[in-house]
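Let's take a friendly walk through this protein together. We will begin with one residue and then widen the view.

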Amino acid sequence: MRKINREDLFSLEKYEEIRPSFRERVMEHKASRRVPVGPSATLYFEDRLTIHYQIQEMLRAERIFDQAGIEGELSAYNPLIPDGANWKATFMIEYDDPAQRRAELARLVGIERRVWVMVEGFNKVFAIADEDLERSTPEKTAAVHFLRFELSGEMVDAIKQGASVTCGIDHPLYRYEAQAPEHSCKSLALDLD
């Protein structure tokens, strides 16, 4: 999947003009790429459109318009775009109550390395977590992690032919799995060259 370059981005003025319709399109697209795994964890699978939106939102929020700032955002977010034989996801651990969230993040140390996907007919593929920087300590994990799932050529072929995909977590204190809906599998198949 092609990375985003400066020419792909809207100016701040143009983005402000088109933002409502662009945001609506992206939110609809993202809905098919969201897979809850148990009651408190969700995988948000990224692609070129979701990352384009994230970059535009960061440029807007930070009022970044200079070359160095734009290149910094591109460098930070382009690695989250799938490379054609993998999926990349933002993994979020979600608890509404701040005290409960703190307690659970302390209990769930290492959870990011126990997240997996499984293509029908194949073994589990465990995530490679947080390649940009470590987000956990021995005392607690972070609420947000960036994951990569490397798929074999055979898995890619099976997904393109309609194989189902299951997502799961095998942490001793959080064991859940969920089958990705058919519309999600179809959307994820488009990430694979």
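Is Thr-166 buried or exposed? In this predicted model, Thr-166 has a relative accessible area of 12%. Buried means under 20%, so Thr-166 counts as buried. To find Thr-166 in the structure, look for strand 8, which runs over residues 165-171.

What surrounds Thr-166 there? Setting aside the neighbours within four places in sequence, Thr-166 is in contact with Trp-116, Val-117 and Met-118, and also with Glu-177, Ala-178, Gln-179 and Ala-180.

Taking contacts between residues at least 6 apart in sequence, 71% join residues at least 24 apart. Burial can be followed in the same way: of the 193 residues in the protein chain, 49% are buried.

Now turn to helix 1, residues 12-31.

Helix 2 leads us on to another partner. Two packed helices can be described by the angle between their axes and the distance between those axes. For helix 2 (residues 48-62) and helix 3 (residues 67-77), the axes come within 10 Å and cross at roughly 145°. The crossing of helix 2 past helix 3 is right-handed.

Which residues meet where these helices touch? From helix 2 come Ile-51, Gln-54, Ile-55, Met-58 and Leu-59, and they meet Ile-70, Glu-73, Leu-74 and Tyr-77 of helix 3. Sorted by class, this contact has 7 nonpolar residues, 1 polar and 1 charged.

Finally, step back to take in the whole protein chain, with its 6 helices and 9 strands. The radius of gyration is 17 Å, close to the 16 Å that the globule rule gives for 193 residues, so the protein chain is as compact as a globular protein of that length. Along its principal axes, the C-alpha trace spans about 50 × 45 × 25 Å.

Definitions and conventions. Residues are numbered from 1 along each chain as its sequence is written. This is a predicted model: local features need pLDDT of at least 70, side-chain atom pairs count only at pLDDT 80 or more; totals for chains, interfaces and linings use all residues. Side-chain values use heavy atoms; hydrogens and water are left out. Axes are lines fitted to C-alpha atoms, for helices over the stretch in contact, and angles run from 0 to 180 degrees between N-to-C directions. Helices (H or I, at least four residues) and strands (E, at least two) are DSSP runs, numbered from the N terminus. A crossing is left-handed if the near helix is turned anticlockwise from the far one by less than a right angle, and right-handed if clockwise. Contact means heavy atoms within 4.5 Å. Ala, Val, Leu, Ile, Met, Phe, Trp, Tyr, Cys and Pro count as nonpolar, Asp, Glu, Lys and Arg as charged, and the others, Gly among them, as polar. Buried means under 20% relative accessible area, exposed over 50%, partly exposed in between (1.4 Å probe, protein chains only). The bend at a residue is the angle between axes fitted to the seven residues ending there and the seven starting there. The radius of gyration is taken over C-alpha atoms; the globule rule is 2.2 Å times the number of residues to the power 0.38.
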